[in-house]
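Dear colleague,

I am handing over the structure below, and my notes on it follow. Please read them with the structure open beside you.

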Amino acid sequence: MSTTTVGFIGLGIMGGPMAANLLAAGFDVIGYNRSLPARQRLADRGGHAAASVAEVAGVADVVVTMLPDAEAVEAVTLGADGILANARPGTLHIDCSTIAPEAARTIFGRAADREVGALDAPVSGGDQGAAEASLSIMVGGRETDFRAARPVLDAMGRTVVHVGPAGTGQTVKAANQLVVAGMIQAVAEGIVFLDAHGVDTEAAVRVLSGGLAGNAVLDRKAGGMLRRDFTPGGRLELHHKDLGIAQDAAREVGAAIPAGATVAQLMGAMVARGDGALDHSALLTLVEELSGRGEQ
Ligand code: NAD
């Protein structure tokens, strides 16, 4: 039985460990990233570092992309030297980046013109989920393509669900980002409130985790918030991008998202003041400032 060759483009905070998990699952992985150190890390783990997107697309059975935004995904996928220009008919493209549903549908259409299958398969679970292969993966596209992609997706994630036709994976991811933003804001407010009352915040977080207030942000991010360690993780600038997508998508259908819109403003302010490269849990620092309690 021949081994599936998986191409992987975008070997950053998420893509690096996801590609490593594909290698661990026994796939041949050929990867490309714009910067050299990320390519070198893939080679060190037993993958093949390619010199271009075209080289990856020319040999891969499945090409996964994990890039920052739609601009990068479109350049890599639709560009003159991109995936569709170089892939063989029958290749499957799985885009795990977070982009607008409309952009995902455009890519699906252009891929279909080249007889390339396309899935939008954004993920949730952060860098920890990527490292542990425990991501939630929300997949839009054709059922047959989903079935073909399943072994690759299962090597990177634990909760892998086909949610509907092309673009719907991204719609679900937009909702995911609304929920996560709300949770970060709520946890940040809780911590600032407790700190202002002089309560032992570490003990408080522990007990909150076991009750109805328990959530993944409290479990995975509160520790870093208390230590004031805002190493990304999920960068504020990327979450800001995602809330823009969610706000546009909400407006399109008349869905009211007042809490989401408020957090979007706060994340936007963080990016505007130059904090976009911090982890999104750094939202805590803005809540502190609004409470007159900045870092002493
Ligand atoms: P990242 O910036 O760490 O990784 C992106 C990588 O793509 C970088 O290594 C960059 O060099 C590379 N790249 C950019 N443009 C390129 C191009 N044209 N050609 C080749 N390589 C290129 O970002 P990330 O945190 O890994 O996020 C990737 C995507 O996943 C984003 O859409 C983000 O919103 C989404 N996401 C991130 C997280 C998280 O916690 N970090 C969680 C879920 C989803």
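Ser281 is placed in the loop that joins helix H13 (258–272) to helix H14 (283–290), where helices (H or I, at least four residues) and strands (E, at least two) are DSSP runs, numbered from the N terminus. This is a predicted model, in which local features need pLDDT of at least 70 and side-chain atom pairs count only at pLDDT 80 or more, while totals for chains, interfaces and linings use all residues. Residues are numbered from 1 along each chain as its sequence is written, and side-chain values use heavy atoms, with hydrogens and water left out.

Ser281 counts as buried because its relative accessibility is 3% (buried is under 20% relative accessible area, exposed over 50%, partly exposed in between, with a 1.4 Å probe and protein chains only). Leaving aside neighbours within four places in sequence, Ser281 is in contact with Ile184, Lys221, Met225 and Phe230, contact meaning heavy atoms within 4.5 Å.

The annotated domains

UniProt, in an unreviewed entry, places "domain: 6-phosphogluconate dehydrogenase NADP-binding" at residues 5–164; its positions are given in the numbering used here, feature names are shortened, and annotations may be inferred rather than shown by experiment. Over residues 5–164 the chain is 44% helix and 25% strand, with the end C-alpha atoms 26 Å apart. Val163, in strand S9 (residues 157–164), counts as partly exposed, because its relative accessibility is 34%.

The unreviewed entry also places "domain: 3-hydroxyisobutyrate dehydrogenase-like NAD-binding" at residues 167–286, a stretch that is 72% helix and 0% strand, with its end C-alpha atoms 33 Å apart.
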